[in-house]
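Work through the exercises below with the sequence and the 3D view side by side. Try each task before you read its solution.

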Amino acid sequence: MRIAVIADIHSNLEALQVVLERIHALNADEIVCLGDIVGYNANPNECVDIVRNEKILSVLGNHDACASGLEEPYRFNAIARMAVLWTREQLTEENRTFLRELPREKRVHDCFLFHGSIHDTNRYILSRSDAEASFQSLAGLPGALKLGFFGHTHVRTAFIDRQGVVSQEQSLDCSLSSAKRYLVNPGSVGQPRDGDPRASFLVYDRDDRMVQFFRLEYDIKRCQDRIIQAGLPSQLAERLEWGQ
Ligand code: ZN
């Protein structure tokens, strides 16, 4: 069985469509999303509609929480706040309710899904010490899970815990070892920040215990035009080009 893992779509319809097209071509059995379906870009309702129609199992991201009115964007910078408040105005009642009802974390098969860090949607896993704290939380969950997927940083990466020693890799090209635990970020579909502007996602093969990362080009220009037409800050359009 293969699970496609996507994160941080951020209302980028062009990127989401390209990613889903590839996931369908790969015949993945399930698609899960690690939160932040909306925010930053210009097509929030279209992206939420797709997630709902495709029955993609998603957890709540910090932008989803603010856009749906569950939280206020106190910790957001000025541009992110502008975009999330714009999104709040755009969302249909149905889509607002859908976002508000998303769980903050979720176990799916042998994996644990969350947005920022375990038990904290807003907190980033950036360093090995951040990862250590989430590995400890993972150990406290029922089921002795060894694999977690997270988003929020928009940078694809993998943290590996081998008996308390945590290392970080940019990629996972071999089978996952049963002697190790893993926290893996697929990167962002709709606003990558690792210097590569292409949409990012991964596929986890449960039978082979393999994680495979993907990068896909999409129509950035079209997404940028929509941002400008919507009256959103032009910096949001520019950053897509640089992957920052
Ligand atoms: Zn995000």
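**Exercise 1. Which residues lie nearest the centre of the largest pocket, and how many residues line it?**

Some ground rules come with the solution. The model is predicted, so local features need pLDDT of at least 70 and side-chain atom pairs pLDDT 80 or more, while totals for chains, interfaces and linings use all residues. Residues are numbered from 1 along each chain as its sequence is written, and side-chain values use heavy atoms, without hydrogens or water.

Step 1. Find the centre: Asn62, Arg75, Phe76, Tyr124 and His152 lie nearest to it.
Step 2. Count the lining: 13 residues. A pocket is an open set of 1 Å grid points, over the protein atoms alone, where a 1.4 Å probe fits, with protein on both sides within 12 Å along at least five of seven lines; lining residues have an atom within 4 Å of a point.
Step 3. Sort the lining by class: 4 nonpolar, 6 polar and 3 charged residues.

**Exercise 2. Find the protein donors of the zinc ion and describe their site.**

Step 1. List the donors (N, O and S atoms within 2.8 Å of the metal, or 3.2 Å for Na, K and Ca). They are Asp8 (OD), His10 (NE2), Asp36 (OD) and His154 (NE2), at 2.1 to 2.5 Å from the zinc ion.
Step 2. Read the spacing in sequence: D-x1-H-x25-D-x117-H.
Step 3. Aspartate 8 sits in the loop between strand 1 (2-6) and helix 1 (13-25), and aspartate 36 in the loop between strand 2 (30-33) and helix 2 (44-53), so the pair ties together parts 28 residues apart in sequence. Helices (H or I, at least four residues) and strands (E, at least two) are DSSP runs.
Step 4. Check burial. Both aspartate 8 and aspartate 36 are buried. Buried means under 20% relative accessible area, exposed over 50%, and partly exposed in between (1.4 Å probe, protein chains only).

**Exercise 3. Is serine 134 buried or exposed, and which residues does it contact?**

Step 1. Locate serine 134: it is found in helix 6.
Step 2. Its relative accessibility is 2%, so serine 134 counts as buried.
Step 3. Leave aside neighbours within four places in sequence. Serine 134 then contacts (heavy atoms within 4.5 Å) Phe114, Ser117, Ile118, Ile125 and Leu183.
Step 4. Look along the chain. Glycine 148 is 14 residues away from serine 134, and their C-alpha atoms are separated by 9.1 Å.

**Exercise 4. Which residues of helix 2 are buried, and what covers them?**

Step 1. The buried residues are Pro44, Asn45, Cys47, Val48, Ile50 and Val51.
Step 2. Their cover includes helix 1, strand 3 (57-58), helix 4 (78-90) and helix 5 (93-100).
Step 3. Go just past helix 2. There lysine 55 takes a positive phi of about 55 degrees.

**Exercise 5. Where do asparagine 27 and glutamine 163 lie?**

Step 1. Asparagine 27 lies in the loop between helix 1 and strand 2. Glutamine 163 is in the loop between strand 7 (157-162) and strand 8 (165-169).
Step 2. Check phi. Asparagine 27 has a positive phi of about 60 degrees, though it is not a glycine. Glutamine 163, also not a glycine, has a positive phi of about 45 degrees.
Step 3. Check accessibility. Asparagine 27 is exposed at 57%, and glutamine 163 is exposed at 75%.

Terms used:
Ala, Val, Leu, Ile, Met, Phe, Trp, Tyr, Cys and Pro count as nonpolar, Asp, Glu, Lys and Arg as charged, and the others, Gly among them, as polar.
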